Amino acid sequence: MENVKVNITTTHKTDEGNLQIKIECDGIYLKRDDYHYIKYEYIDEENGGCVKTMIKASDDLIEVHSKGDSNYHMIFEKNSVHPSVIQMQKMSIDAYVATKDLQIDVKKDKIGLSIDYELHVNGEVMTEAIMKIDMIKGK
């Protein structure tokens with residue numbers, strides 16, 4: 001396991017323009033077999049709660065598990081749709097993640113992930129977003 005710096009930028013497309021959310025935090029990286037694991041946690045600025053996230057990435061698939069005020073497990077695979085359940089306080093939302101594009105760039109000291117996706121709830125697109133995750137070794 002190695003200590004790393006994790007930078008996540010998610011850009012949501014809205015009718016009023018783009019809404020960008022940025023997170024920078026420390027994390028841990030592990031490569032096992034053909035999978036890259038990135039674990040990190042941060043404090044949510046809106047509610048002050050701790051959010052713990054684990055990313056598992058291979059050449060053509062990225063899984064994101066997040067636990068905090070809302071819990072979810074999302075699977076991203078290029079040109080594919082995967083079911084997801086988002087749990088928020090006392091309710092669960094059945095959703096689908098439609099991945100338009102997915103890129104994984106692995107270098108010696110850096111891993112870059114880029115995911116272009118839509119989140120569907122009740123048959124409607126709730127958000128279109130591009131998530132970029134940069135993990136830098138040797139923080």
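# Notebook: hairpins, cysteines and pockets

I began at D33, which sits in the loop between β2 and β3. I am working on a predicted model, in which local features need pLDDT of at least 70 and side-chain atom pairs count only at pLDDT 80 or more, while totals for chains, interfaces and linings use all residues. Residues are numbered from 1 along each chain as its sequence is written, and side-chain values use heavy atoms, with hydrogens and water left out.

**Entry 1. Confidence.** I checked pLDDT, the predictor's confidence in each residue on a scale from 0 to 100. The chain averages 91, and 99% of the residues score at least 70. Confidence is lowest in β7, at a mean of 91, and highest in β9 (residues 110-121), at 95. I kept one caution in mind: where pLDDT is low, predicted coordinates should not be read in detail.

**Entry 2. Strands at the start of the chain.** I took strands as DSSP runs of E, at least two residues long, and helices as runs of H or I of at least four, numbered from the N terminus. I counted two strands as paired if DSSP finds at least two bridges between them. β1 (residues 2-14) and β2 (residues 17-32) run antiparallel, joined by 13 bridges. I looked up T9 and found its bridge partner in β2 to be K22.

Entry 3. Most residues other than glycine have a negative phi. D33 is exposed, at 66% relative accessible area. My classes were buried under 20%, exposed over 50% and partly exposed in between, with a 1.4 Å probe and protein chains only.

I noted N79 as well, with a positive phi near 60°. N79 lies in the loop between β6 (70-76) and β7 (80-88). N79 is exposed, with a relative accessible area of 63%.

Entry 4. β7 pairs with β8 (residues 91-106) in the antiparallel sense over nine bridges. V85 has D94 in β8 as its bridge partner. Two residues lie between β7 and β8 in their hairpin, and Q89 in the turn has a positive phi of about 45°.

β8 and β9 are antiparallel as well, over eleven bridges. I followed Q103 to its bridge partner S114 in β9. This hairpin has three residues between the strands.

**Entry 5. Cysteines.** C25 is buried, at 8% relative accessible area. C50 is partly exposed, at 35%.

**Entry 6. Pockets.** I used a 1 Å grid over the protein atoms alone; a pocket is an open set of points with protein on both sides within 12 Å along at least five of seven lines, whereas a cavity is a set where a 1.4 Å probe fits but cannot get out. Lining residues have an atom within 4 Å of a point. Points are joined across faces, edges and corners, and a volume is the space filled by probe spheres set on the points.

The largest pocket holds about 1,400 Å³ of space. Its lining has 35 residues, with I21, Y42, D44, S70 and Y72 nearest its centre. β2 gives the most to this lining, with five residues. I sorted the lining into 21 nonpolar, eight polar and six charged residues. In this sorting, Ala, Val, Leu, Ile, Met, Phe, Trp, Tyr, Cys and Pro are nonpolar, Asp, Glu, Lys and Arg are charged, and the others, Gly among them, are polar.

The second largest pocket holds about 160 Å³. Its lining includes K39, K52 and H65. β3, β4 (50-57) and β5 (62-67) each supply at least two residues of this lining. I sorted it into two nonpolar, three polar and four charged residues.

**Entry 7. F76.** I ended in β6, with F76. Is F76 buried or exposed? F76 is buried, at 1% relative accessible area. Its C-alpha atom is separated by 12 Å from that of I104, 28 residues apart along the chain.
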